[in-house]
Every structure is written in structure tokens, then in C-alpha cells.
Amino acid sequence: MLAVMLFSPPQMFPSQANQFAANSGFTPNPSMFPQVPGGYPGPQPGGPPAPSPNQPYGMYPQPGGGMPQGPGMGYPGGPPPGQQMPGFPNAPAPTPSMPSYPKAPSPNPSMPAYGGGYGGGAPAVPAINDLIKDLKSELSGNFEKLVLATLKTPAQYDAYELKEAIKGAGTDEACLIEILASRSNAKIREINQVFKAENKKSLEESISGDTSGHFRRLLVSLAQGNRDESENVDISLAKQDAQALYQAGENKLGTDESKFNAILCARSKAHLRAVFHEYQHMCGRDIVKSIEREMSGDLESGMLAVVKCIKNTPAYFAERLYKAMKGAGTKDRTLMRIMVTRSEVDMLDIRQEYLKNYGKSLYTAISGDTSGDYKKLLLKLCGGSD
């Protein structure tokens with residue numbers, strides 16, 4: 001059947017055949033478009049009769065015209081041709097004006113990330129709220145939390161996690177660091193908008209009220225989303241920044257944390273990679289080792305996260321996942337957050353880094369550390385074994 005469809009000669013109008021011949025040099029066989037008066041293809045065996053020479057091709061009327069009429073034409077069970085359809089109670093006028101409808105979406109919309117994606121808009125609120133209500137009544141535990149996380153847009157989920165990390169007696173500093181150190185400027189700005197809309201308070205205000213010192217300055221700087229995102233690298237400026245970091249840390253009694261903050265939170269990723277290279281060449285030590293020597297506590301963790309995300313973001317998340325599943329207990333909140341937020345971003349790269357750095361696949365690690373439907377959904381987000 002397919003061969004017949006592919007290789008049977010096409011049926012053409014004469015004008016189409018002439019244009020085809022003019023463009024290709026091919027002279028079509030007249031049998032390809034049998035002639036009848038008016039220039040329409042002749043009736044085919046078992047098919048409808050050819051239209052009259054003065055009738056538009058097909059059954060659709062010309063603009064402003066009515067349906068074509070002819071002997072026997074009409075609707076089964078309807079009135080004879082030319083008579084008006086009988087009225088019915090509450091029926092609309094015979095020719096009511098068409099209502100206006102919203103603009104249709106583009107034929108090829110971009111595929112959304114989970115929950116609609118950054119900039120993709122949230123799902124219809126009433127529908128999603130009903131779905132969430134039903135899911136909460138049917139599910140429980142970590143599986144419920146994971147399913148509900150997939151229904152949020154990325155910005156909604158990040159804003160929710162930041163709020164949860166800040167509220168209450170303790171602060172989940174690692175969550176604040178992870179999100180703010182790894183998101184782009186555009187994503188940070190959208191997180192700020194969602195956070196303020198949902199909490200009636202800016203993210204910066206919330207961070208400032210829950211942290212202190214140089215760690216607070218680091219988080220506030222990251223939360224502004226003002227990092228240079230150009231790809232240009234000025235090697236002379238990179239050497240200057242490397243020298244400034246060396247003077248602020250290794251070559252100084254004490255540490256000038258503000259200098260680290262100014263450089264690590266404002267410069268572009270491409271530039272900072274060059275700075276790290278120049279720094280190691282200058283003092284013979286990796287910038288990670290210097291930060292570990294010069295800083296401590298949450299500030300150290302924050303600065304290290306920034307550096308690691310700039311050097312190799314998938315490796316940073318692979319390390320976070322490894323630590324979340326290492327030992328007796330599982331840090332399920334961290335595990336869920338990373339699997340959901342990175343599943344459509346760089347999960348394949350994270351899987352490769354996990355296998356390279358920890359000697360087993362991420363799929364295997366999740367399988368051995370979780371169970372039930374919770375495990376099944378995590379493994380779907382993982383995507384496969386390596």
C-alpha cells in the first residue's frame with residue numbers, strides 16, 4: 001500500500017502540471033489529469049461526480065456565498081433545498097455572528113520544562129489546585145512531596161524551597177547556597193518575583209533577617225542576580241583579580257572576605273575560570289584549597305559552592321547527591337530538590353560526573369537508598385543507568 005502511495009503518478013490540475021513542467025523540465029503525461037469541461041479532474045470510479053464548470057472546486061462556498069445547491073442536495077431529514085430550517089425553542093438566529101475566541105497558540109510551541117518551565121507560565125490555577133487537592137488526599141510521605149514538586153514551575157519550586165529553608169527556628173543554609181549559587185541571572189530574577197508575590201516580602205529582606213555577617217552579604221549579592229554573563233575574557237584583568245584574591249587571602253594575616261565576595265559574585269563564569277587558572281599558577285594552590293584554609297562555617301560552604309558551580313556545575317550537584325545519600329540516613333529534601341530541578345537541565349552530565357567520581361551510577365545509588373513509588377519516580381527523573 002505504501003509503495004503504491006509513494007510511486008503512483010499524482011493527480012494534478014492542468015495549471016499545476018504546466019507550472020511543474022516549467023520549473024522542472026518534465027513533460028507530464030496527459031493521463032495524469034484527465035480533462036472535463038471547465039478544467040476539473042474527471043469523476044473517479046466510485047467517487048463523487050465532477051463539479052459543474054461554474055462551481056468553485058470543493059464544497060466550500062466563496063466568500064459571501066451560500067452552500068451550493070443542486071438536485072437532491074440537502075441534509076438527510078432536513079427541509080427541501082431552498083427552504084429555511086425550522087426554528088427550535090431557544091435556538092440562535094439562523095446566521096448568528098461568530099463569537100470571538102482567544103488567540104490560538106503557535107503551531108510549534110516550545111516544550112515546557114517541568115511545571116511549565118522558567119518563563120513558561122503556571123498551569124491554570126483552578127485546575128492545578130483541584131489536582132493538588134486530589135493528590136494530597138491520595139498520596140503521602142516522600143512520594144507525595146516529590147509528585148507535588150513536579151507540579152510547580154521551576155521558579156515556584158525554588159521560591160518555595162528558599163522560603164522553607166528560611167522559616168522556623170533553624171535555617172537550611174545549604175539549600176540557600178545551592179539554589180542561589182547555581183541559578184542564572186534570569187532565573188534569580190524570576191525567583192525574586194515569585195517569592196515576593198507569594199510571601200509579601202522580598203527574598204533579600206528574608207535573607208537579611210535570617211542570616212548575618214559576611215555570609216549574609218554573600219547570599220544577598222547572589223540573590224540580586226547581577227553577575228556579568230558575557231563570554232569575553234580579558235587575561236590581564238583575570239591576572240589582576242587573581243592577584244587581588246591572593247592578597248586578600250593567602251598573602252594576608254586574616255582574610256578580606258569582601259574582596260572574595262566582590263569578585264566571585266560579580267565576574268562572569270568565563271572570566272572566573274581564567275582567574276582560577278591564573279591564581280593556581282601564581283601561588284601554586286587551587287582556589288578551593290585556599291578558601292578551605294582561609295574561611296570556615298557557612299561562609300566557607302557558600303564560597304566553595306560558588307567556585308564549584310563556576311568550575312563544573314554537574315560535578316557540584318553530583319557531590320551534593322552523593323552526600324545526600326551517604327551514610328545511614330538520606331537527606332530526602334536535598335535528593336528530591338536536585339532530581340526535580342536538574343532533570344531537564346543537566347541530569348545526563350550529573351550522571352556522568354557521579355559515575356566518574358564515586359565509582360557507581362546515580363541510578364544504582366538511588367535504587368539502593370530509596371524504595372516504593374518514591375524510588376520509581378526518582379529513577380524516572382534520573383532517566384536511566386550508566
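Which helix does D369 lie in? D369 belongs to helix 17, which covers residues 362-369. Keep in mind while looking around that this is a predicted model.

**The annotated site**

M325 is found in helix 14, made of residues 297-325. With a relative accessibility of 8%, M325 is buried, because buried means under 20%. Setting aside neighbours within four places in sequence, M325 is in contact with T330, L335, Y354, L362, A365, I366 and D369.

Now back to D369. Its relative accessible area is 24%, which makes D369 partly exposed. Not counting residues up to four places away in sequence, D369 touches M325 and T330. With T330 there's a polar contact too: the side chains of D369 and T330 meet at 2.3 Å. T330 also turns up among the contacts of M325, as does D369 itself.

**Rings that pair up**

How many aromatic pairs does a search of the whole structure find? There are 4 of them, and here are two, side by side.

| Pair | Centre to centre | Angle between planes | Kind |
|---|---|---|---|
| Y316 and F317 | 5.2 Å | 65° | edge-to-face |
| Y354 and Y358 | 5.1 Å | 55° | tilted |

Both Y316 and F317 are buried.

Is Y354 buried or exposed? Y354 counts as buried, at 2% relative accessibility. Y358, on the other hand, counts as partly exposed, at 26%. Ring pairs also bring in Y322, giving a cluster of Y322, Y354 and Y358. And there's a link back to the annotated site: Y354 is one of the residues in contact with M325.

**A charge over a ring**

One last thing to look for is K152. Its charged end sits over the ring of Y160, 4.7 Å from the ring's centre.

From Y354, the ring pairs lead on to the cluster with Y322 and Y358.

Conventions. Residues numbered from 1 in each chain as written. Predicted model: local features only at pLDDT ≥ 70, side-chain atom pairs only at ≥ 80, totals over all residues. Heavy atoms only, no water. Helix = DSSP H or I, 4+ residues; strand = E, 2+ residues; numbered from the N terminus. Buried < 20%, exposed > 50% of the residue type's maximum accessible area, 1.4 Å probe, protein only. Contact = heavy atoms within 4.5 Å. Polar contact = N/O pair within 3.5 Å; in protein donor to acceptor, adjacent residues only side chain to side chain. Phe/Tyr/Trp six-rings, centres within 6.5 Å; stacked < 30°, edge-to-face > 60°. Lys NZ or Arg CZ within 6 Å of the ring centre and 35° of its normal.
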